[in-house]
Amino acid sequence: MDPAVAEPEPATRQPVLSLRGISKGFGAVQALTEIDLDVHAGEVVAIVGDNGAGKSTLVKILAGVYSHDTGSVSFDGQPVSIGSPAASRELGIATVFQDLALCDNLDVVSNLFLGREITKGTLDEEEMEKRSWSLLRQLSARIPSVRIAVASLSGGQRQTVAIARSLIGEPRIVILDEPTAALGVAQTAEVLNLIERLRERGLGVILISHNMADVQAVADRVVVLRLGRNNGNFRVPDVSYEEIISAITGATDNVVTRRAEARNTERNAS
Ligand SMILES: Nc1ncnc2c1ncn2[C@@H]1O[C@H](COP(=O)(O)OP(=O)(O)O)[C@@H](O)[C@H]1O
Ligand SMILES: [Mg+2]
């Protein structure tokens with residue numbers, strides 16, 4: 001192998017998605033102030049923070065639901081603007097909102113291909129069914145049949161269908177908003193496995209979560225928001241539960257992270 005073309009180290013790789021100085025206000029409320037965020041291919045980044053920290057606002061900016069007031073977004077190193085949900089999808093960002101937005105009365109295949117149906121004159125049900133199975137198999141998903149109504153599936157299976165649907169458009173970044181919040185232990189484990197499959201496929205995953213056990217089980221990095229500001233950016237193997245909680249509650253003003261960030265900035269600048 002030619003060393004000159006070897007893969008660069010993950011730490012120096014260009015992020016797929018990069019936010020710098022993102023701020024967003026709603027009237028008098030400053031929901032986000034100067035947020036920075038990088039997400040690389042094959043990386044799971046958890047975003048944690050107390051209620052009101054700004055997590056949903058950040059997700060909605062990335063999903064093209066809200067515009068930001070200041071700051072910049074780049075994708076593969078190119079400055080981009082995410083002016084609408086369609087623009088977000090076209091860039092390669094898929095968002096699975098907490099309500100999942102599934103059609104309960106429709107079967108799994110119809111939900112997966114809703115709005116992106118495959119046709120050959122008429123609907124190509126056979127092809128869509130084949131692709132549904134193939135996708136679910138790749139995700140090691142346990143769905144009994146793709147021809148049953150989504151209403152009859154468990155919470156974990158519904159989450160699986162919503163995540164599988166987000167992959168139909170071949171995204172590079174998948175955003176999951178509290179995917180395990182409504183789930184029991186076994187179903188949570190299934191969804192965490194699914195997140196690992198997404199990482200193996202080389203996707204960048206943004207995981208919004210309240211559950212530190214989930215975060216520590218599956219994330220590579222955890223970014224803490226507090227009162228709309230960055231208050232920590234940790235590699236999961238290097239951080240304890242207590243340290244994450246302190247950053248969330250503000251018990252620590254993250255001196256360590258600030259130092260690390262300052263060093264990164266210097267390195268990138270040189
Ligand atoms: N549409 C909105 N209009 C006014 N204020 C909002 C709106 N959305 C969020 N906020 C405010 O912005 C702050 C961040 O909220 P949010 O992003 O929902 O936080 P989180 O998802 O972390 O709980 C909160 O103070 C919230 O009240
Ligand atoms: Mg929220």
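## Burial and helix α1

A residue is buried if 20 or more other C-beta atoms lie within 10 Å of its own, exposed if 12 or fewer, and partly exposed in between. By this rule, 7 of the 8 residues of α1 are buried, so the helix is largely enclosed by the rest of the structure. The buried residues are K55, T57, L58, V59, K60, I61 and L62. Just after α1 comes G64, which takes a positive phi of about 80°.

## The chain as a whole

The structure described here is a predicted model. Its chain contains 9 helices and 12 strands. Of the 270 residues of the chain, 40% count as buried.

Contacts in the chain can also be sorted by the separation of the two partners in sequence. Among those between residues at least 6 apart, 67% join residues at least 24 apart.

Strand β1 covers residues 17-26, and strand β2 covers residues 29-39. The two pair in the antiparallel sense over 7 bridges. Together they form a hairpin with 2 residues between the strands. One residue of the turn, G27, has a positive phi of about 55°. F26 stands opposite V29 in β2.

Strand β1 has a further partner in strand β4, which covers residues 70-75. This pairing is also antiparallel, and it runs over 5 bridges. Here L17 stands opposite F75 in β4.

## The surroundings of ligand 1

Which residues surround ligand 1? The shell consists of F26, V29, A31, G49, N51, G52, A53, G54, K55, S56 and T57.

Strand β2 and helix α1, which spans 55-62, each supply at least two residues of the shell. The largest share, 3 residues, comes from α1. Sorted by class, the shell has 4 nonpolar, 6 polar and 1 charged residues.

## I195 in helix α6

Helix α6 is formed by residues 185-200, and I195 lies in it. Is I195 buried or exposed? This residue has 24 C-beta neighbours inside 10 Å, and therefore it counts as buried.

Leaving aside neighbours within four places in sequence, I195 is in contact with V44, V205, L207 and V218. Another pair to examine is I195 and A219, which are 24 residues apart along the chain. The C-alpha atoms of these two residues are separated by 9.0 Å.

Two residues, E34 and D76, may be considered together. E34 has a phi near 50°, a positive value in a residue other than glycine. D76 likewise is not a glycine, and its phi is positive at about 50°.

Where is the place of E34? E34 is in strand β2, whereas D76 is in the loop between β4 and β5, the latter strand being 78-80. E34 has 13 C-beta neighbours inside 10 Å and so counts as partly exposed. D76 is partly exposed because 14 other C-beta atoms lie within 10 Å.

Key
Residues are numbered from 1 along each chain as its sequence is written. Chains are lettered from A and ligands numbered from 1 in the order in which they are written. This is a predicted model: local features need pLDDT of at least 70, side-chain atom pairs count only at pLDDT 80 or more; totals for chains, interfaces and linings use all residues. Two strands pair if DSSP finds at least two bridges between them. Helices (H or I, at least four residues) and strands (E, at least two) are DSSP runs, numbered from the N terminus. A residue is near a molecule or strand if its C-beta atom, placed from the backbone, lies within 6 Å of it. Ala, Val, Leu, Ile, Met, Phe, Trp, Tyr, Cys and Pro count as nonpolar, Asp, Glu, Lys and Arg as charged, and the others, Gly among them, as polar. Two residues are in contact if their C-beta atoms, placed from the backbone, lie within 7 Å.
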